[in-house]
Amino acid sequence: MPSVYLDHAATTPLDPRVLEVMLPYLKDRFGNPSSFHTLGKQAKDAIDEARSSIAEILGARPDELLFTSSGTESDNLAVLGYARANQKTGKHLITSLIEHHAVLEAVMHLEKKEGFQVTYLSPDKEGLITPEQVARALREDTILVSIMAANNEIGTIQPISEIGNVIQKFRQEKGRAWPVFHTDACQATGFFPLNVEKLHVDLLTINGSKMYGPKGVGVLYVKRGIKLQPLLFGGPQERGLRPGTEHVAGIVGMARAFELVQGDLQHESERLIPLRDELIEGIIKTIPKVRLNGHRTKRLPNNVNISFMDIEGEALLLYLDAAGIFSSTGSACTSASLDPSHVILALGMPYEVAHGSLRFTLGHATTKEDIAYVLETLPPLVAKLRSISPVRVDEKYFR
Amino acid sequence: MADVSSRDKTQSWFYTDIVKDHFFHPRNFMHEQADETQYNAIGKVGSPACGDELRVWMKVDPTTERITDFHWRTFGCGSAIASTSMASVMVTENGGMTLEQARQLKPQDIMERLGGLPQRKFHCSVLCDKALRDAINDYYRRSGQTDKILVEAFRIIDQVSKVTDHDIEEAVLDGAHTIELVQQKTKVGIGNPSCLPAVEELIRFYKEKYFG
């Protein structure tokens, strides 16, 4: 049976070239970077080199990067760390309703437990946040804006550099150094350049597991001069902002992975966009009552998110799984909370549309044959599940 | 939900082989071309907003009052489909259950025949017993035996999900002490938020009753 992995937004396989540079640090070069001997120095040098390499690609200085355990930790450190360290300046935050939960739940925690006020921007029906929306939401006491670069569920690409511009102008007019701008760019690492100057961002999150690098490692870019309060305590590592013995092999692997994906941006995008479009158009053409979630063109080259009316996502996911196609769903049934996707609900869609959503995310290994196999397999499975469903979703939701 | 939840073998397939069999090969589902008039009772529970909706069509032999035919359609996840399919087998096998027997069918009985379900799936996806009781009442209504119509022994709190006060009591006993946790277990109010104040009141009541 074929095995077609279309869940790259969840995680990517490790690039063999990345594994190669990691292996020595999992074997002979096992030293603790804080140790004052040759093995320790070896590990410290490796981290320094990785830091410089990532900084160069981001257009940042090496001392502006913090290594963390994940995208989630970087997001938490950016939001909680910045808000707590700067709450005397103001207690208003701006974010969007379609952020990753690592941002959304951190912000909600600050709102519920620590006396912050939050403005949640609603995306339009296609999943876009506009710079004007951000401009209107800015207040005297706004200290932080966090908007993701590209959405993990529906792939929508936000106008980050324009939003950054709006915030910069606001700061200039007021003659002050806040509010600062954070973006979670985890899903974007393989698809567009991430120069922090050009994006006008002050804090930026990336992680290893979405770029053919290792899991368990993330980076937070923190512009010089920005104060954070650490989440962890107990050591001088990462300037005391992220104590704990460094995941040396992971850091080395992440640097290599970032070089590789950022060096191949254009080629990979040009290869994937036609495959993505073939899948979208194929589904729309062959299956009635479907809806593409997210903007048609302002979306990641690898993201396809479709709601299949009248059926429930988990059931379809499992039927596809049995056919060797690996996807994911915004249906409540696969989430711990039993709530369907907050992102699709935020597009103004009713619960039944969110329950029927399925996400396919393409990657390095995806071929034209894979797409053809999905297009051949999917229609009869959808038809079968529809035939046993009593639901007939109103056509105004998929026209 | 951190990310869109990913396909994860260990999680998706804590479904047993029997569940998988009924999910991939559902028994007795109602074909689209089927003739609804040959059934003498119908039942319904849930709504797509809650993530599950179930309709059943039942044929009862008027002399024996046994269920001779039972078909269904389900909108829902793997365990919702499998548990409905299994229930349809259980009520019609061995000459069919009598209506009185069928009335006693519990979600636990269906789950047992399926060889178990993930804990998290149990409360929300096993709905067929409710649809079945709805259909039994419908049969008595249509056959003029209105004295046999049983209003649920328990009070229905949410007309959409048909969650009863007893369901909420069980959820609280299971450790769900907030409205969010009770919703995770029962889906009460998800398609019908107007019932939530009543739910909150009940949670308080049962918490005090059992936990002081």
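Student: In which sense do strands β7 and β8 of chain A pair, and over how many bridges?

Tutor: Two strands count as paired if DSSP finds at least two bridges between them. In this predicted model, β7 (residues 203–207) and β8 (residues 218–222) of chain A pair in the antiparallel sense over 5 bridges; strands are DSSP runs of E with at least two residues, and helices runs of H or I with at least four, numbered from the N terminus. Leu203(A) stands opposite Val222(A) in β8(A).

Student: Which residue forms a salt bridge with Arg176(A)?

Tutor: Side chains of opposite charge can pair when their charged atoms come close. The criterion is a side-chain nitrogen of Lys or Arg within 4 Å of a carboxyl oxygen of Asp or Glu. Arg176(A) forms such a bridge with Glu140(A), the closest N and O atoms being 2.6 Å apart. The pair links distant parts of the chain, 36 residues apart: Arg176(A) lies in the loop between α6 and β6, and Glu140(A) in the loop between α5 (131–137) and β5, of chain A.

Student: Is Arg176(A) buried or exposed?

Tutor: Buried means under 20% relative accessible area, exposed over 50%, and partly exposed in between (1.4 Å probe, protein chains only). Arg176(A), at 18%, is therefore buried, while Glu140(A), at 47%, is partly exposed.

Technical notes. Residues are numbered from 1 along each chain as its sequence is written. Chains are lettered from A and ligands numbered from 1 in the order in which they are written. This is a predicted model: local features need pLDDT of at least 70, side-chain atom pairs count only at pLDDT 80 or more; totals for chains, interfaces and linings use all residues. Side-chain values use heavy atoms; hydrogens and water are left out.
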